Amino acid sequence: MKRKLQIYYGILFAALILAPCLVFLAVRSHIDTTNYENTAQAEFPVIGRTLSNGTPVTIDNFPSLFEDWFNDHLPFRNQLLTLNSFFDYTVLKTSSSDQVIVGKDGWLFYQGGQVNDEDPVADYEGTNLFTDEELQTIASNMTKIEKELKAQGTDFVIYFAPNKERVYSEYMPDSYGEPAGNSRMNQVIEYLRKNTDITVISALDDLMEFKQSHPNVQLYYKYDTHWNNIGAYVGTKSLCEALGEKWTPYEDCTVLNKDTVPDTVDPSNFVAHFDLSRLIHLGNYLDPKDEVEMITGYSKYGLYLDGENAQMSQFHYYIDTSDGTVPPRGNLMVIGDSFSAVSAQYYGMDYAQTYVTYYYNYDKSQLEEAKPEVVVYESVERYIQNMLYFDLDEGFNPPEGWR
């Protein structure tokens, strides 16, 4: 009898372990199995073979490699992570990711750690200030770019976008205090304005002034690191004016959202997927709660995004000239980051062609092809350190081992 009971418990235990796997195989095609993390999932290890990252699979490392693979491919992994994150976010008011900060009223902020030397918290607290030597290097790099472009008859402008936590510091947890009075962004702006002839524009003042006069209008996404379309538009005011364009006041524009979208506008434009909510596996829960708007009527020209070239790190906007329209300006080139993916359509509203490329993907051939009248180097606050390692010939060239 005891022997039979042991067998029974053994079978029951095996069934409990295998059942989720069998159910998962049956329903896998009907549930969310997307990898939302910014790292590739571990490969299945086979002893005697080599993984794509160059790691040979041996008897000694097979157990740990298999554990990595199993953890990444655990049945119902996303659903379990979502359940855990939902409890952390709604009950404990904490984040399940070490890259995300849960602020007041459910606002999410970026802790950093995904790209190069970024550290938004240090930017906020002013603990990562540049040395005098680093400021001189940045000024030297940017001056070199300005001279090269000037020799080609091209103007050069530097444009900074503030981190979300600086604009919405009131939603940061109390433990972080107020934003520091001095920061890398302030350092670079002041140093370049004092020691070079380059036109340097910051979006911060325009954003803060607008926020004060329009307290009910959201400028950054609540569950994403980026500014939304309104923030991107408001933040371009000083830049547009520096470029000689007429910036249409926000009140004179038309703002559409998912509740006011006309039949002529694709409703998919109001469906967004946010990076911070994704990092804590709550995209499906939080994303529909955020504000997604579209601004129209800011330009008399029809500005379009070239769908064939709309890649994740390269964008091409153009004015439709098929009706005989003659754009007032030639071409604009923007070298920047994901903040320009949204805002370039606004500060390029008078240009026949606007080419956007990320620092990491820039190649001098792009500049030669674009033949721009103006080049804008755009940087969000947390990527300002990229200016230490960028020039027109080599592009972004950080030192080896720079994370």
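Among contacts in the chain between residues at least 6 apart in sequence, 69% join residues at least 24 apart. The model is predicted. The chain holds 14 helices and 13 strands, and 47% of its 403 residues count as buried.

**Chain surface**

- The chain exposes about 21000 Å².

**Helix α5**

- Helix α5 covers residues 132-151, which is 20 residues in total.
- From the first C-alpha of α5 to its last, the helix reaches 28 Å, close to the 28 Å expected at 1.5 Å a residue.
- Its buried residues are Leu135, Ile138, Ala139, Asn141, Met142, Ile145, Glu146, Glu148 and Leu149.
- An α-helix has 3.6 residues a turn, so residues three or four places apart point the same way.
- After α5 comes Gly153, which has a positive phi, near 80°.

**Cysteines**

- Zero disulfides are found in a search of the whole structure.
- Cys240 has 0% relative accessibility and therefore counts as buried.
- Cys253 has a relative accessible area of 11%; because buried means under 20%, Cys253 is buried as well.

Methods. Residues are numbered from 1 along each chain as its sequence is written. This is a predicted model: local features need pLDDT of at least 70, side-chain atom pairs count only at pLDDT 80 or more; totals for chains, interfaces and linings use all residues. Side-chain values use heavy atoms; hydrogens and water are left out. A disulfide is a pair of cysteine sulfur atoms within 2.5 Å. Buried means under 20% relative accessible area, exposed over 50%, partly exposed in between (1.4 Å probe, protein chains only). Helices (H or I, at least four residues) and strands (E, at least two) are DSSP runs, numbered from the N terminus. The expected span of a helix is 1.5 Å times one less than its number of residues. Contact means heavy atoms within 4.5 Å. Accessible areas come from the Shrake-Rupley method with a 1.4 Å probe; for residues, only the protein chains shown count as cover.
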